[in-house]
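Colleague: I am new to this structure and would like a close look at a single part. Please take me through its pockets.

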Amino acid sequence: MQEAVTMADHKIICWDCGKVITDQYADVCPACGGLLTIKVDLEPLKAKKPKDLHKVPIGVWRYADFMPVDPKNKISIQEGGTPLYQCSSLGKEIGINNLWVKYEGANPTGSFKDRGMTVGISHANEIGAKTVGCASTGNTSASLAAYAAKAGMRCIVFLPSGKVAAGKLAQAMFFGAKVVSIDGNFDEALDIARKLSEERSMYLLNSINPYRPEGQKSVLFEIMDQLAYDVPDRIVLPVGNAGNISAVHKGITELKEIGWIEKVPMLTGIQAEGSMPITRAFEARKLDFVPEEHPETIATAIRIGNPVSGRKALRAIYDTGGCSVSVTDQEILAAQRLLGRKEGVGVEPASAASVAGAKKLREAGVIGKKERVVCICTGNALKDPDTIISSSEPVIKSSKDLKSIRKIMSQ
């Protein structure tokens, strides 16, 4: 491996104790075992305005000034630049006048993971890594496999046995990753991946990697751009491993630091009822959470009992005056259908958790009717076609005569 590149404009620090970390492979603080984060020097941005970045098309790398990677080393498949839909019909249905959906399913591999992966892989490229890997419930493995292929790196992914949707598994296999099914859950698969990273057998690209969230925070920058910096009242996100909500919080903090925004949107984290350690901690007003030993939900992308960034997620919620609530699998599937049939937007079950949560919170009076709300929907419907088929009306069988067809049409 070539000598690690040290960028002058950022440093890796411990989120807990503040120690500066020099080991480019580290995923936790060697001093206290705490989580890592990136501190970017934002001073040069204080003299700029948002429009100064608009020479570059909307997408992750429009915000290169916020990213801890030299753009000359970037590995990109034109990620980001996803639609922000104003969902009037859906909003009317659930009682929110100004409802928007940020559709991350339009990313190259069909999920928000591509945002973090472009920065993570670019950093791996920068330090000369040859093999990359991750543990995954599906979307991370699909994204990593694609970006590793683009970068010409070897890729190995560890999946929990029997708990990965077909669309995601197919992607990881298609892009050429070495796919290993672990006889255990996600947390056990991640433990294996971290041990291999510690012995330098591979560069770990789960969201515990501090460079991944740097790319993921770009979704917040895009929302601000697309709303012309008219800051929404609330941003609602599904929460699994909790990297996304904490990344969005980091983006908000950075924009506030450089003076581009003053108002802060309430960050609202939605979990599945069968996998809700963050929601339980929030309900008890705790700063830490108790892991869920046996997480279970149809929304496999958020079926994570011990979220790596759980404490970061709780801070994001508390700091912005947001909240966390759980939704049932039935509520998730109902919201998935509602979004599709009211707005023509197809998302996987975990993505629909944000809409289900917004609906539930509106019914409870937590979300006001006049709030401007953005729901982030993290993945494409075709990530999990089996669930869509099993939860939809069955295909109607018919003979091939017009009389039979007309009868069906009239029903």
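Which residues lie nearest the centre of the largest pocket, and how many residues line that pocket?

Modeller: A word of caution to start: this is a predicted model. Now to the largest pocket. Its lining is made of 23 residues. Nearest its centre lie Trp 15, Thr 37, His 249, Lys 250 and Thr 253. The space inside comes to about 400 Å³.

Next, the elements around it. Two or more lining residues come from each of β3 (36-40), α6 (212-216), α8 (243-257) and α10 (310-320). Of the elements, α8 gives the most, with seven residues. Look along that helix, then, when you view the lining of the largest pocket.

Nine of its residues are nonpolar. Eight are charged, and six are polar.

For context, turn to the second largest pocket. About 240 Å³ of space lies there. Its lining has 13 residues. Those nearest the centre are Arg 194, Phe 289, Asn 306, Pro 307 and Val 308. Here α5 (186-198) and α10 each supply at least two lining residues. The most come from α5, which gives four. By type, this lining holds six nonpolar, five charged and two polar residues.

One element links the two views. α10 gives two or more residues to the lining of the largest pocket, and α10 supplies at least two to the lining of the second largest pocket.

Methods:
Residues are numbered from 1 along each chain as its sequence is written. This is a predicted model: local features need pLDDT of at least 70, side-chain atom pairs count only at pLDDT 80 or more; totals for chains, interfaces and linings use all residues. Side-chain values use heavy atoms; hydrogens and water are left out. On a 1 Å grid over the protein atoms alone, a cavity is a set of points where a 1.4 Å probe fits but cannot get out, and a pocket is an open set with protein on both sides within 12 Å along at least five of seven lines; lining residues have an atom within 4 Å of a point. Grid points are joined across faces, edges and corners, and a volume is the space filled by probe spheres set on the points. Ala, Val, Leu, Ile, Met, Phe, Trp, Tyr, Cys and Pro count as nonpolar, Asp, Glu, Lys and Arg as charged, and the others, Gly among them, as polar.
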